[in-house]
Amino acid sequence: MSRMKFEISSLNLHYGTTQALKDVKIDLPEKTVTAFIGPSGCGKSTFLRCLNRMNDFIPRCRVEGRVLLDETDIYAPQTDVIELRRRVGMVFQKPNPFPSSIYDNVAYGPRLHGTTGRAALDQIVRQSLEGAALWDEVRDKLNSPAMSLSGGQQQRLCIARAIAVQPEVLLMDEPTSALDPMSTARIEELVRELKTKYTVIIVTHNMQQAARISDLTAFFLLGEMVETGPTQEIFTSPADRRTEDYITGRFG
């Protein structure tokens, strides 16, 4: 069994007086793909953002409980949040490249963290684009605007930008929901490759996608984590009736 990368217990999250997450408990092993599934508004993305403290940006958001990354509490007062977000990268639902060149998009993070030498940046950009399965498509146009890429290429560029700072974890919030089927297939293939180096945690509305690419699946409903386990077990013999109803389409 893989070593645990995240250990989460008694996690509650409130937006003002509204409780959005209720007593969530889950352990996430390293170098695996974990999928969060469930209906819209059930807390999947909210929980994902707890793992790199993106919820810090939301007014009146309060988080209680323990979120351990390599046995260290990321909500402890002494936590370096910038370093946390380097270690725990994020790819969003809609591709969001910066309005600059392909090269500068990938080089942005390393420059921010102190890498300035051209040779070092060139190597990082190439390795990151190769890691995101994009190098062969853009190697001759690194100075072209990132916005000139297709949607699927832009999303892979965002993945390259995330891995350029050598994270340990990649959070992916519905990374294929805005993409066509061919681009979606490329991203799914990439996710399977990425787990050899990174711990990948993905939110998806697409249950077939969760079944195809994840090792573990967690089902959320109304802010609660109803059930979690190996993906094959969750999809073939769920322990909770609510999970079964959601997977079989009888939900609601």
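Tutor: Gladly, and let us begin with a term: buried means under 20% relative accessible area, exposed over 50%, and partly exposed in between, with a 1.4 Å probe and protein chains only. This is a predicted model, in which local features need pLDDT of at least 70, side-chain atom pairs count only at pLDDT 80 or more, and totals for chains, interfaces and linings use all residues. Residues are numbered from 1 along each chain as its sequence is written, and side-chain values use heavy atoms, with hydrogens and water left out.

Student: Which residues of α3 are buried?

Tutor: Helices (H or I, at least four residues) and strands (E, at least two) are DSSP runs, numbered from the N terminus. Contact means heavy atoms within 4.5 Å, and the cover over the buried part of α3 includes α4, α5 and α6. The buried residues of α3 are I102, Y103, N105, V106, A107, G109 and P110.

Student: At what angle do the axes of α3 and α4 cross?

Tutor: Two packed helices are described by the angle between their axes and the distance between the axes. Axes are lines fitted to C-alpha atoms, for helices over the stretch in contact, and angles run from 0 to 180 degrees between N-to-C directions. For α3 (residues 102–112) and α4 (residues 118–131), the axes come within 9 Å and cross at roughly 115°.

Student: Is the crossing of α3 and α4 left-handed or right-handed?

Tutor: A crossing is left-handed if the near helix is turned anticlockwise from the far one by less than a right angle, and right-handed if clockwise. The way α3 passes α4 is right-handed.

Student: How do the residues of the contact of α3 with α4 divide into nonpolar, polar and charged?

Tutor: From α3 come Y103, V106, A107, P110 and R111, while α4 brings R118, L121, D122, I124, V125, S128 and L129. Ala, Val, Leu, Ile, Met, Phe, Trp, Tyr, Cys and Pro count as nonpolar, Asp, Glu, Lys and Arg as charged, and the others, Gly among them, as polar. The division is 8 nonpolar, 1 polar and 3 charged.

Student: Within what arc do the buried residues of α4 fall?

Tutor: The buried residues in α4 are L121, I124, V125, S128 and L129. The arc is that of the directions from the helix axis to the C-beta atoms. Seen down the axis of α4, its buried residues line one face of the helix, because they fall within an arc of 120°.

Student: How far does α6 reach from its first C-alpha to its last?

Tutor: The expected span of a helix is 1.5 Å times one less than its number of residues. With 13 residues, α6 has an expected 18 Å, and its reach is close to that, at 19 Å.

Student: How many of the residues of α6 are buried?

Tutor: Among the buried residues of α6 are Q153, R156, L157 and I159. They and the other buried residues of this helix pack against β6 (88–91), α3, α4, α5, β7 (169–173) and α7 (181–194). Mostly covered, α6 has a buried count of 12 of its 13 residues.

Student: Which residues is G131 in contact with, leaving aside its neighbours within four places in sequence?

Tutor: G131 lies in helix α4 and counts as partly exposed, at 25% relative accessibility. Its C-alpha is separated by 8.6 Å from that of E193, 62 residues apart along the chain. Apart from those sequence neighbours, G131 is in contact with I163, L190 and L194.

Student: Is C42 buried or exposed?

Tutor: C42 lies in the loop between β3 (33–37) and α1 (44–50). Leaving aside neighbours within four places in sequence, C42 is in contact with F220, L221, L222, G223 and E224. With a relative accessible area of 2%, C42 is buried.

Student: What is the phi of D70?

Tutor: Most residues other than glycine have a negative phi, and most peptide bonds are trans. D70 sits in the loop between β4 (61–69) and β5 (72–73), and counts as partly exposed at 23% relative accessibility. Although D70 is not a glycine, its phi is positive, about 50°.
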